[in-house]
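Me: I have a structure open and would like to go through it piece by piece. Can you help me read it?

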Amino acid sequence: QVQLVESGGGLVQPGGSLRLSCAASGRTGTTYALGWFRQAPGEAREFVAAISGSSTVYSDSVKGRFTISRDNAKNMVYLQMNNLLLADTAVYYCAAAPTIARMRASLGSWGQGTQVTVSS
């Protein structure tokens, strides 16, 4: 079982930037998939981005604006969010799974979430 703790959420204006961090503990080798999902009020949880080894995957809605990265030595995964939109407002969840495919099927571990609010 992997334990995940997110940090870095907050309030930001449209066009601004935030960086989310997630500390992972447990079985997280370099090829273990780490990633991010988000859930807006009244909406289903949706995939945002994932990284496994040197491979990264992004949802179309964040491609070109968000960047996922990881520090294997520190067991950390990050989500750099630039040019934030009102539609990016959501609770962001860190996720971990043996593969990106399993993560996208919601077959893995979750953090408790961190709120990101984009508002003017």
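Predicted model: local features only at pLDDT ≥ 70, side-chain atom pairs only at ≥ 80, totals over all residues.

Me: Salt bridges then. How many are found in the whole structure?

Reply: The search of the whole structure gives four.

Me: Why would side chains pair like that at all?

Reply: Side chains with opposite charges can pair when their charged atoms come close.

Me: OK, take Arg38. What is the distance in its salt bridge with Glu46?

Reply: The closest N and O atoms of Arg38 and Glu46 are 2.6 Å apart.

Me: Are those two buried or exposed?

Reply: Arg38 is buried, at 5% relative accessible area. Glu46 is partly exposed, at 35%.

Me: Which residue does Arg38 bridge to with closest N and O atoms 2.8 Å apart?

Reply: That partner is Asp88. Arg38 sits in strand 4 (residues 33-39), while Asp88 is in the loop between strand 8 (76-81) and strand 9 (90-97), so the pair ties together parts that are 50 residues apart in sequence.

Me: And Asp88, buried or exposed?

Reply: Asp88 counts as buried, because its relative accessibility is 1% and the cut-off for buried is under 20%.

Me: What about Asp60, which residue does it pair with?

Reply: Asp60 forms a salt bridge with Lys63, and their closest N and O atoms are 3.3 Å apart. Asp60 and Lys63 are both exposed.

Me: Then which residue of strand 8 is the bridge partner of Ser21?

Reply: Tyr78 is the bridge partner of Ser21 in strand 8. Strand 3 and strand 8 run antiparallel and are joined by six bridges.

Me: Now the inside. How many residues does the largest nonpolar core have?

Reply: The largest nonpolar core has 27 residues, and Trp36, Leu79, Met81 and Tyr92 have the most contacts inside it. Elements that give two or more residues to this core include strand 5 (46-52) and strand 11 (114-118).

Me: What does the second core include?

Reply: The second core is separate and has eight residues, among them Ala33, Ala50, Ala95 and Met103.

Me: Where is Met103 found?

Reply: Met103 is in helix 1 (residues 100-104). Met103 is buried, with a relative accessible area of 2%.

Me: What is Met103 in contact with, leaving aside neighbours within four places in sequence?

Reply: Its contacts are Ala33, Leu34, Gly35, Phe37, Ala50, Ala95, Ala96 and Ala97.

Me: Last one: what separation do the C-alpha atoms of Met103 and Gln80 have?

Reply: They are separated by 20 Å, with Met103 and Gln80 being 23 residues apart along the chain.

Technical notes:
Residues numbered from 1 in each chain as written. Heavy atoms only, no water. Salt bridge = Lys/Arg side-chain N within 4 Å of Asp/Glu carboxyl O. Buried < 20%, exposed > 50% of the residue type's maximum accessible area, 1.4 Å probe, protein only. Helix = DSSP H or I, 4+ residues; strand = E, 2+ residues; numbered from the N terminus. Core = buried A, V, L, I, M, F, W, Y, C linked by side-chain atoms within 4.5 Å. Pairing = 2+ DSSP bridges. Contact = heavy atoms within 4.5 Å.
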